[in-house]
Amino acid sequence: MKNRIGTTGLVFNEPLLWEQGATGRTGFSMPRRDVDPAPLDDRLRGDGPDFPDLSELEVMRHFTHLSQWNFGVDSGLYPLGSCTMKYNPRTNERQAALPGFTGAHPLLPPELCQGALKLMHDLEHYLAEITGLPAVTLQPAAGSHGELTGMMIISAFHRSHGGHRSKVLIPDTAHGTNPASATLCGMRPVPIRSNDQGILDPATVAELMDEETAGIMVTNPNTLGLFEENIREIADIVHDRGGLVYGDGANMNAIMGIVDIRAAGVDVLHLNLHKTFSTPHGGGGPGSGPICVTDRLKPFLPVPRVVKTGDRYELDDNAPRSVGKIHTFYGNFGILVRACSYILSMGADLKKVSQLAVLNANYIKERLRDVYHLAYDRPCMHECVFSDAIQEKNKVSTLDIAKRLMEYGFHPPTIYFPLVVHGAIMIEPTETESKDSIDAFIDAIRSIARESADTPEILHEAPRTTKVRRLDETLAARKPCLKG
Amino acid sequence: MRYLPHTREDIDAMLKVIGMDNLDDLFKTIPRDCCSLVDLNLPAPLSEWELDTHMNQLAGTMAVSPEYKIFLGAGSYDHFIPEAVRQLLLRSEIFTAYTPYQPEISQGTLQTIYEYQTLITRLLGMDVANASMYEGGSALAEALLMAIRITRRKKVAISTAIHPLYRRVVRTYFTPTGYEVVELPFGRDGRTDLSGLGSPGEFAAVAVQSPNFFGCIEDLERVGNAAHSDPKTLFITCFSEPLAFGLLKNPGSFDADIVCGEGQSLGIPRAFGGPGLGIFSAKQKYVRSMPGRLVGQTVDKDGRRGFVLTLSTREQHIRRERATSNICSNQGLCATAATMYMAFLGGTGFRELAALNYDKAEYLKGELKKAGCTLPFDSPTFNEFVVRFPGGADATCKQLLEKKIIAGLPLAKYYSDLADCALVTVTETCTRADMDLLVKEVTS
């Protein structure tokens, strides 16, 4: 490599909040007191919280220092598989910060919130167009919340068509949220093995699918980055036995404008607006997990629904077969504004997004296949999965490779997932990375492959240039210290 | 397109490495019967400036202060947010990062969440708090499900003075599994009436909200004692206005087992109802049954203090169908905002601001009473209360809209026996002049 991006910079130490400050300081401009103190029963009065008192500058420096210990998409390539860490456009932040949106109370009378209702109505329409599924709810606050809502809809559908079904088929490549969401709906997950090609076999599905089974949850493209080519046939098998097909759209970034989700046989699909539609990940949320459904499942969608009559938008609570409310209000509206801004900025170029995301992943796959073991040697979608099978011989693990990548200035890929690949390294570059940036990443991870043979101890010791080195996770779990 | 960096030459060079002729070849594993047959029918892409115009126009239709005087709370509160919170949240190392799976390069997020957990436990008087849930309603649903897991009972008792929309979320979560929700009525004082509770022996949990939906401060000691008269039953309290604990005794001091609620008041804009912040805390002994992520302190290889995600064997990515919840991403950035807000206020500021909210609400209450309005409940309240306007709730609220005053939330839709009442909320953003105007208008 010519010039390594990763280096040590000016990094400050920063104590915990309560290790600084002095009682009586404040960082808040207290509003004028224009009323007299009112009496309060002493039995109700408490001492108030034991928070440290700091000045405005002290708090500014505190969080500025902390932010410098973080790696974000703006810091560099963040190829975290299945998370779609694409660029978060700044104009989206501007739109979401408009006072008319941030200051709006959710229970405003409809005539005083037409703009927000129109935005939601439009976004539902765009997501329907992108997926091919005609009815949409924006209420779920995250992908897993969308999964839960989708499985509630499947559960409600079965209850209204002959009764509860107790099982659901879930591939071994699925995210852990799939079985956890199904369980919350009182269904028992039945695992299905993927075949030697890394995808589902219709025959295996046919064997397991019965009248006790509510349906199947399929992530497509799956977590190996492979398109489930038999999805149509699998959907027919499931539908023939009265089941429904749940689509996990976590990987939708690969197939926008390319796959018609309804034509593929999917009945319910969740989207992750914080993945596919560029809204920031926020260090772990807030996300947004809208779900899109077929016409026959529309009556089961959460309430209220945004409806348009003439030029006027309203919230309609009247849907007797609805699963109910999944969120106190309408979901993460601020995230919806950002996603809508992204779609309006891209238009039909969303297809180009998917093409370039898939191009980037296949390019990485081809350029690394001679030095890392490729788990499934097939054309991939938006991500590719390698393993540490070659490096293992030198006692170098996926974890070591990941930690060494930090010293080269890159965020590591998703590691040890999916579970079906031992020592998995799951790389998702996204379309917003240029060829130059991807080439630099390839150089780095190829260089690490060489080091694993020549100087494995460097990898075992990595990272050394970060704020902290490898942390003792066993100690953290054995003697939990969850507050200071 | 400015978000897509590939030149024609880049694409050709990359395709050549892959051994393909064009971009369509990348998708040849997708069967034809799954493919879109037509191009996406979306509006033509807008330039940044066109988008600004479009969004300005949508946002411009919304009724917000200062143009409107707003006395509407009911789970979504108008509090001043320091500009410094907004500015800090714009640091892209904070908002463009994801879940801190790689702790060595995520210490900023991890220390912030550890500080958040700590400040929340101090605010609520609880042992442990998680890294956040989605929002108040689903946090309460998850708390009740946690009690069901711990006690292996299938029935919970919840107060009808809990936010009606939270209760609807709870019902949605309970429907597929058939767990039963028994609703406890409220009494003439606006607080939960426990007389119908009987022996709590059959219940996994007894849950109330304090301050409750009517703004009334519940007698948590009495509810706690009633719940704990069966040693297995969990006592759950929830809230929609955490600022109240700057003035009132915290729920932990009443021996609550789980305390959860909505943290939007802590530096997060109302944003038409979301994103908010689901706060979730419990006693230490229940930590391994909790949903959601937890950050813990540990040391690195060189013995330096550091933070990691911990106790993750409760979670879906490890435990799959046996996980304590399906929650994965939560409201990280909102928890970060809340941490900053609590840090700027400090303990002194938090107490002062809480007292100001209480005093202002008491002022308005007194003035409304003097002007001939009645208050159906006589329990102490924090910063919102139920009032009966002389001209009726719906009519008065509608009339005042013309004067750009949103006088409160008419309760007919939520409580048929309070059909003539409205819930009125006062925070530090309401001036005495605003309140005097409201009094004048509702009684004129």
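Predicted model: local features only at pLDDT ≥ 70, side-chain atom pairs only at ≥ 80, totals over all residues.
Reader: How many helices and strands does chain A have?

Author: Helices (H or I, at least four residues) and strands (E, at least two) are DSSP runs, numbered from the N terminus. Chain A has 14 helices and 13 strands.

Reader: What does the radius of gyration of chain A agree with?

Author: The radius is taken over C-alpha atoms, and the globule rule is 2.2 Å times the number of residues to the power 0.38. For 484 residues a compact globule would have a radius of gyration near 23 Å, and the 25 Å of chain A agrees with this. The C-alpha trace spans about 75 × 60 × 45 Å along its principal axes.

Reader: How many of the 484 residues count as buried?

Author: Buried means under 20% relative accessible area, exposed over 50%, and partly exposed in between (1.4 Å probe, protein chains only). In chain A, 67% of the 484 residues count as buried.

Reader: Where do the domains of chain A lie?

Author: Domain bounds come from an automatic or database domain assignment. For chain A this gives domain 1 (92-347) and domain 2 (350-470). Their contact (heavy atoms within 4.5 Å) takes 31 residues from domain 1 of chain A and 21 residues from domain 2 of chain A.

Technical notes. Residues numbered from 1 in each chain as written. Chains lettered and ligands numbered in written order. Heavy atoms only, no water.
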